[in-house]
Amino acid sequence: MDFEDTAEEAAFRKEARDWLAANVPTKEEKEGLDFLAAAKLWQKRKYDAGWAALRWPKEHGGRGATAIEAVIFGQEESKYQMVELGVFAIGHGMCAPTMMAWATEEQNKRFIPKLASGEEIWCQMFSEPAGGSDLAALRTRGEKDGDEWIINGQKIWTSGAHYADWGVIVLRTDPSAPKHQGLTYFFLDMKSPGIEIKPIKQISGGANFNEIYFTDVRVSDSQRLGEVGQGWQVALTTLMNERAAIGSGGGGVNFKSVFKLAQNINIDDEPAISDKTVRRKLADWYVTESGLKYTGYRSLSALSRGEIPGPENSIGKLVGAPKQQDMASFALDLLESSGAIWDPELSAEAGLFQATYMAAPGGRIAGGTDEIMANIVAERVLGMPQDIRVDKGIPFSEIPTANS
Amino acid sequence: MNFEFSEEQNLLREQASGFLKDHCSTKVVRKILDGDESYDQELWTKVVEMGWTATVIPEEYDGLGMSYLELCVIAEELGRSLAPLPFSSSVYLATEALLVAGSKEQKEEWLPKLASGSIIGCLAAGEGKGQVTPKSLTTSADASSLSGSKLPVADGDIADFAVVFAACDSGDGASTYLVDLNQSSVSRQKLDTIDPSRSHAKIDFAGASAELLGKEGEGWALLNNIYDRAAVLFAWEQVGGAETALEMAKDYAMGRFAFGRPIATYQAIKHKLANMYVKNTLAKSNCYYGAWALSTNAPELPIAAATARVGAIQAYYFASKENIQTHGGMGFTWEFDCQFPYRRSKLLSINIGSEPVWQEKLIKAIETGRAA
């Protein structure tokens, strides 16, 4: 038992590290570039040198690397703290695997290399105002018209829709079929006429998500993935990859930042760190953080052996998101009334605790709420049965949607 | 990255798990709980035959000279089966004390017998209510004789010798002694406890002949060192037990119907069990960290041990109490097995320092580590 790379892994890490050191864009190179342009500059550079989309086959513009090699490159790349990396997360992590599993060879030849190179950015349009945790309850209509489908309705919580070139979408194509059976999956051009994108302002002040309105938007039947009515199965490909893409979540408040705060702030004229209650809480958070870290190491060890990580991998978000919220809340308590101030000049850690406090509710909801994640653990890991569904087998159009 | 047990170690796990399934069902635990025996002697003999008591003892002392990773594997399976054995006292505590502080002569005298299971050792630190500290110690000793009362001492009624902590005027305030328990100046009395499947005693020493272990005035440092090492092994037992509690809860929830369907379909039950799984998984990963630190003698052992210990205490307590809750009224009956993990989880969580003690140790170790 050790934490060391194998000889092959060490050689790969060195190669990656050396290439990154010589090629990560300098401040001067990024001068005057916006977020998106900086992201595209870096992605194209990786692509040209064979360092983009490591896991994908070479013929699709990837490197054909192993899972552990992809992780190692990610570890080395993350040291440069390039926030713009997130731009490609959905396209690479969710849309591309779905395309590779369901699109035609010709379509993949056209789209996958441009995804890899970052020339085209993709988004994912599943959630709707009436279809969140109950995703298959989505209502945006797709109606066949010759060789085309006409889309009308609304999607929500779509990250990056405002700069995406392409998107994947699930539509209700048969409201008379039971919920999961009346869905069909497509990909479409985000510049299609009839698409209107509006950013959603969050309680944190940011606007990472959008709502999208579709008015008589046309999509070709050739852009359908899977059969008509098979949309749910195709969507599961995307969602399985979403879960694989969700890690323990870096950034935000951690043990170190709260520990440091407790050393530098007083309770009853003594450093907070000398208070027994503070020490016990910090100990618990250290234990949780350590548990997540070493759970990650266990998964990496499985990857390193060429195996698929066990189910222990699935708990990261369920544990990490509420922990962030509780730690940020506790840090604000330690700050007493000054915790209310959210100002990079005046706040401790330039406002990290306030920012995390306000962002944390989103972390517990996005990509599966705490409750849905707990269901997933119970059903997929422990093998417990699904809850009884009162809408099962009923035509979608007859399912109640509100008290009347 | 190779943060995993080896193939051989996993084979040992399979072998241990299969053996304990055959020879240590909950019927065996119940027999000790209900009867007058202090432990299952038949099972103990088999465990000794398999060499488990000799695992980390070096070959020069007739041990197997294996690593602590093997011992962690065995600990997890013993915890999973809730084995009614003096294993933790004899192996994690008494054997460790000799390995850490024994002179060559002491090792030669005691370790081969511990390895062969011909004697059982125990550790006697506590002296009644509350946390024991060098200041609270009343047991006293001179060069060769020791007097005082120790309670509770796990396996004290059946052990052949004890590692005893007594007050000392110099150094850290304590010294450690090896005391033969089969001498006339030692009297023992079995105690009633919350977990009768693991025996405990009060031991009175009236000028008992005793032999210093380690240096005078270094007893408290030794105790802390032994506890750091034992904490990792206890944590593996606790995680094994916590997994048993989750399994019991799951099996029951799948088969128990209420309002026309299995209670396993209700989210209130699913989320409870998912929570158990999450806590068990985090605790187990911290046990891996502890196992690594113990087996490599890493300088961060105090941090790793406390981390494993706190996580395991919390996971086992949670799983064992919510297992009873999942069973409803039947879980509260003597007839059902839910009582075993519930009793054991609390016993294991308090007998080498409780949760608040280890939370404090953890933060202190982090402060020391950061200051260094």
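Me: What should I know about the model and its numbering first?
Reply: This is a predicted model; local features need pLDDT of at least 70, side-chain atom pairs count only at pLDDT 80 or more, and totals for chains, interfaces and linings use all residues. Residues are numbered from 1 along each chain as its sequence is written, while chains are lettered from A and ligands numbered from 1 in the order in which they are written.

Me: What makes up chain B, in helices and strands?
Reply: Chain B has 11 helices and 9 strands. Both are DSSP runs, numbered from the N terminus: helices are H or I with at least four residues, strands are E with at least two.

Me: Why is B:Arg13 called partly exposed?
Reply: A residue is buried if 20 or more other C-beta atoms lie within 10 Å of its own, exposed if 12 or fewer, and partly exposed in between; C-beta atoms are placed from the backbone. B:Arg13 has 17 C-beta neighbours inside 10 Å, so it counts as partly exposed. B:Arg13 sits in helix H1 (residues 7–23) of chain B. As for chain B, buried residues make up 57% of its 372 residues.

Me: Which residues does B:Arg13 touch, and what counts as touching?
Reply: Two residues are in contact if their C-beta atoms, placed from the backbone, lie within 7 Å. Not counting residues up to four places away in sequence, B:Arg13 touches B:Val73 and B:Glu77. B:Glu77 is 64 residues from B:Arg13 along the chain, yet their C-alpha atoms are separated by 7.2 Å. In chain B, 74% of contacts between residues at least 6 apart in sequence join residues at least 24 apart.

Me: What makes a set of residues a nonpolar core, and which residues touch the most other members of the largest one?
Reply: A nonpolar core is a set of buried Ala, Val, Leu, Ile, Met, Phe, Trp, Tyr and Cys residues joined through C-beta atoms within 7 Å. The largest has 228 residues, of which B:Ala162, B:Val179 and B:Leu273 touch the most other members. Helix H7 (residues 219–255) of chain B gives the largest share of this core, 20 residues. Leaving aside neighbours within four places in sequence, B:Val179 is in contact with residues including B:Leu146, B:Phe161 and B:Phe205.

Me: Why is strand S4 (residues 166–172) of chain A called largely enclosed?
Reply: 7 of its 7 residues are buried, so the rest of the structure largely encloses S4(A). In a regular strand the side chains alternate between the two faces of the sheet. Here A:Trp166, A:Val168, A:Val170 and A:Arg172 point one way, and A:Gly167, A:Ile169 and A:Leu171 the other.

Me: How do you know that S4(A) pairs with other strands?
Reply: Two strands pair if DSSP finds at least two bridges between them. Strand S1 (residues 122–125) of chain A runs parallel to S4(A), with 4 bridges. Strand S5 (residues 183–189) of chain A is antiparallel to S4(A), over 7 bridges. A:Ile169 is the bridge partner of A:Met125, and A:Ile169 also stands opposite A:Phe186 in S5(A).

Me: Where do the domain bounds of chain B come from, and what lies between domain 1 and domain 2?
Reply: Domain bounds come from an automatic or database domain assignment. For chain B it gives domain 1 (7–116), domain 2 (121–217) and domain 3 (221–371). The C-alpha centres of domain 1 and domain 2 of chain B lie 22 Å apart. Their contact takes 18 residues from domain 1 and 17 residues from domain 2.

Me: How many residues join chain A to chain B, and what kinds does chain A give?
Reply: The contact takes 37 residues from chain A and 38 residues from chain B. H9(A) gives the most to the chain A side, with 17 residues. Ala, Val, Leu, Ile, Met, Phe, Trp, Tyr, Cys and Pro count as nonpolar, Asp, Glu, Lys and Arg as charged, and the others, Gly among them, as polar. The chain A side divides into 21 nonpolar, 8 polar and 8 charged.
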